[in-house]
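These are my notebook entries on one protein model. I went through it topic by topic and wrote down what I looked up.

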Amino acid sequence: MGIIGSQIKPFTATAFKAGEDFYDVTDEDVKGKWAVFFFYPADFTFVCPTELEDLGEQYNMLQKMDVEVYGVSTDTHFSHKAWHDTSDKIGKLNFPFLGDQNHVLARNFDVLREGVGLADRATFVVDPDGVIQIMEQTCEGVGRNANELARKIKAAQYVRANPGQVCPAAWEEGSDTLAPSLDLVGKI
C-alpha cells in the first residue's frame, strides 16, 4: 500500500528542542501547518549529523514557509539532548527532535528496520490536513539534500495553492508550471 496521499496515524512522542523543557508532540499538534518528519538511524552516528546540519541551515527559511521540522530516530529524548549538548553540529540545531524508542512513529511511517530497532533514512512531508505529500527514502550510507527538500516543499505548497497546476521536473519557485490538459498530450 502506498503512503503518499495517506493520513498520518495517531502518535505521541516526547520532544527535545534546544532551550526548552521536554514536551509531547502528537499527530493533532502537526495539523494546521506543513511538517517534515526527518527520520535517521541513530544519534551519535556518522552521516546523520551531516544531513541534520544541512537541514538546520534551511530551518529558518522553512519556518517562514510555515513548515515545522521534526528530527526522528528510535533514540530517546534524553539521548537527543545528550547529543545536542556534546556535538558541535547538532548543538547548532533549533528544530525539535522526537524520541521514538517505542517505534510508534517508525512503524506508522513504515521505516522501522524490524529486528534492528533503527529507522531507515527517510523524509516525509505532511500537509496542513495531515496528509503525506512527499516521501524520500535512501540507504543508510547516502545522506539527503535539504536544498532539494525545500524545493519539493515549495512545489507541493504551490500545487496546493493553485489547483489545476503542476510543477515539472527541476521546477524552481517563480518558474513556469503546467496545466495538464489533452492539448499537452504528446507535446511535452
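**Entry 1: a salt bridge, and the ground rules**

I began with Glu20, which forms a salt bridge with Lys17; their closest N and O atoms are 4.0 Å apart. I call a contact a salt bridge when a side-chain nitrogen of Lys or Arg is within 4 Å of a carboxyl oxygen of Asp or Glu. Glu20 is partly exposed, with a relative accessible area of 40%. Lys17 counts as buried at 16% relative accessibility. My cut-offs: buried means under 20% relative accessible area, exposed over 50%, and partly exposed in between (1.4 Å probe, protein chains only).

I noted that this is a predicted model, where local features need pLDDT of at least 70 and side-chain atom pairs count only at pLDDT 80 or more, while totals for chains, interfaces and linings use all residues. Residues are numbered from 1 along each chain as its sequence is written, and side-chain values use heavy atoms, with hydrogens and water left out.

How many salt bridges does the structure hold? I found 15.

I looked at Arg144 and Glu51 next. Their side chains meet in a salt bridge of 2.7 Å, N to O. Arg144 sits in the loop between strand 9 and helix 6, and Glu51 in helix 2, so the pair ties together parts that are 93 residues apart in sequence. Helices (H or I, at least four residues) and strands (E, at least two) are DSSP runs, numbered from the N terminus. Are Arg144 and Glu51 buried or exposed? Arg144 is buried, and so is Glu51.

Then I took Glu53 and Lys92. Their salt bridge is 2.5 Å, N to O. Glu53 lies in helix 2 and Lys92 in the loop between helix 4 (88–91) and strand 5, so this pair ties together parts 39 residues apart in sequence. Glu53 counts as buried at 15% relative accessibility. Lys92 is exposed, with a relative accessible area of 52%. I also saw that salt bridges with shared partners join Glu51, Arg121 and Arg144 into one network.

I stayed in helix 2 (residues 47–64), where Asp54 lies. Asp54 is buried yet has no salt bridge. The nearest side chain of opposite charge is Arg144, 8.5 Å away. For charge, Lys and Arg count as positive and Asp and Glu as negative; His and the chain ends are not counted. Which residues does Asp54 touch, not counting those up to four places away in sequence? I listed Arg144, Asn145 and Ala146. Contact means heavy atoms within 4.5 Å.

I traced seven strands in an open sheet, in the order 2-1-5-4-3-8-9, with mixed pairing. Strand 2 (23–26) and strand 9 (132–138) stand at the edges with a single partner strand each, so one side of each is left without a neighbour in the sheet. Two strands pair if DSSP finds at least two bridges between them. Neighbouring strands are turned by 30 degrees against each other on average, direction ignored.

Strand 1 (residues 12–16) and strand 5 (residues 97–99) pair in the antiparallel sense over two bridges. Ala15 has Leu98 in strand 5 as its bridge partner. Helix 3 (residues 77–86) packs on the sheet and touches strand 1, strand 4 (67–73) and strand 5. The direction of helix 3 makes about 20 degrees with that of strand 1. Axes are lines fitted to C-alpha atoms, for helices over the stretch in contact, and angles run from 0 to 180 degrees between N-to-C directions. Helix 6 (residues 146–161) also packs on the sheet, and its direction makes about 150 degrees with that of strand 3 (34–39).

Strand 3 and strand 4 pair in the parallel sense over six bridges. The partner of Trp34 in strand 4 is Val67. Strand 3 is mostly covered: six of its six residues are buried. Trp34, Val36 and Phe38 point one way, and Ala35, Phe37 and Phe39 the other way.

**Entry 2: cysteines**

I counted zero disulfides. A disulfide is a pair of cysteine sulfur atoms within 2.5 Å. Cys48 counts as buried at 1% relative accessibility. Cys139 counts as exposed at 51%.
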